[in-house]
Amino acid sequence: MAATLEISQPAKMQDNAISADDKKEPVQRVDFDIEQVPEEPEKRYYSKISVWFMVLFSGLAIGSDGYNTAVIGNVELLLAVLYPDALTHTISQRLSNAFLVGMIIGMLFFGVVVDQLGRKTGAVATTVLLVLGIVLSAASSGKDATGMFWMMIIARGIAGVGAGGEYPVSGAGAAEATDESDKYRKRRGFMFAMLADLSASLGYVWAALVPLLLLLCVRRQESRYDVVWRTSFALGLVPPLVIFWFRLRMAVSTAYRKSSMRKQRVPYWLALKRYYRPLIGCASTWFLYNWVSVPFGIFSSTIISRINADDSLVKNLGWGIVINCFYLPGPFLGGYLSDKLGRRKTMALGFTLQAVLGFVLGGAMGPIQSIFPLFIVLYGIFLTLGEVGPGSTVVITTTECFPTSIRGQMMGLVSAFSKTGATIGTQVFTAILNAYTQDASKGNQVAFLIGSGFAVLGALIALIVIPEVSTRLDDDDTAWKVYLTENGWDANWGDTSTKDPSGVVLSSPAS
């Protein structure tokens, strides 16, 4: 009987129903139980290693997106030196926005894919697209510089589609993996801050550090700038290639196995009626967070170069790295507070503190800018506070507010709307900086004041609109099933067709 307990959880459940008389024949019972283990049993167990791998590689995927989003801002400093005539204002905007627009498309498309066809299908497809786009970006060429830029714009858009798909793939997958046990569920806030926020922040830091290191490697020779920017793009391949094999070996989560609506019509109207409040709240706060965070991160080196116009390219890139490093402490504090205070309270706190500091920076930009190290520190803390609040909580809030059967689609819809905020914010930010080319201090002041105003709005929405929800995903899954039944909607629940890869060990009882 001991051998049966180690081999099969379903066998253990059958033994609980055995009568006392039956237990008098232990040898026959063991043989019978081993023979009756189904090929693909209902999952009542999880693998600790699978949970941690899911979180780790989801973080790598999001970090890769952060790198590929931000690297263009630093690469453009090099391209502006190499191609001053071809890199017009219009081309610069399209280079900045191509990846973001592609992400919006990817988020919406792959949100449907991961719900309807499975988490693994979406994960593998997003990785392939991201790799293809990065390769084309690094290999951009044309008859002239303008042709090269157009190829780069298209390639960045393709990479963006793959990167955008990572949000519903990684968000839904990591949430369901950490729901396999209470001990992970209780620390999900911190774990999500690490995978969704810290990894993205590290991506931003590497996006500034890599071009700088490459620039130093070629001894700042302008004739080698072409090597620097192409290699900067190409190194974005490392994370997706590292995680590709793991994604081919992904196991199906208990939540998806039990509560998905695979290859079925989705009751969108009923979903909207039931979840309109978290949909509005999550989409709005994530929109506002990206409106502020993305352009302030992407253009950090540009802002520094405007203030220190006489400094070298290397120094301006270096200061940009220092500023982006201020992103890193935020997820640790935000993740801790998320588990202690709750998601929406932590989000509101971060938004509020960021707004206060932003108003200080905007109101006293002249005196602060005259003390350059002080400006760097305050600018960095401004970014840190954004990560303490919305940066650490927007992803986990979105994943917890919706049931498993539509989690990918809602995640895709909310994150797509948020990237619209990043796109609009980038456009507005660029317009502000271009409008004050003769007075850099004034342009920076306007940018901080507008960003702070949006942070105040984000804090109010977080407190008033976003609801408190259970951290146990099955609670909402059950309520959603009851709601659909009450409204006359029949569904076939769960995924009984997808097989887990051979060799994936699942041996610990879920709680």
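I'll start with a nonpolar patch on the surface, formed by F53, L56, L60, L235, V238 and V242, with about 490 Å² of accessible area together. The elements giving two or more residues to the patch are α4 (48–82) and α11 (238–248), and α4 gives the most, with 3 residues.

This is a predicted model, where local features need pLDDT of at least 70, side-chain atom pairs count only at pLDDT 80 or more, and totals for chains, interfaces and linings use all residues. Residues are numbered from 1 along each chain as its sequence is written, and side-chain values use heavy atoms, leaving out hydrogens and water.

Now some terms. Patches are made of residues with over 30% relative accessible area and no salt bridge, with like charges joined within 9 Å and nonpolar side chains (Val, Leu, Ile, Met, Phe, Trp, Tyr) within 5 Å. A salt bridge is a side-chain nitrogen of Lys or Arg within 4 Å of a carboxyl oxygen of Asp or Glu. Accessible areas come from the Shrake-Rupley method with a 1.4 Å probe, and for residues only the protein chains shown count as cover. Helices (H or I, at least four residues) and strands (E, at least two) are DSSP runs, numbered from the N terminus.

As for the whole chain, it has 22 helices and 2 strands. Of its 511 residues, 58% are buried. The chain exposes about 20,700 Å², with carbon and sulfur atoms supplying 64% of that.

Notes. Buried means under 20% relative accessible area, exposed over 50%, partly exposed in between (1.4 Å probe, protein chains only).
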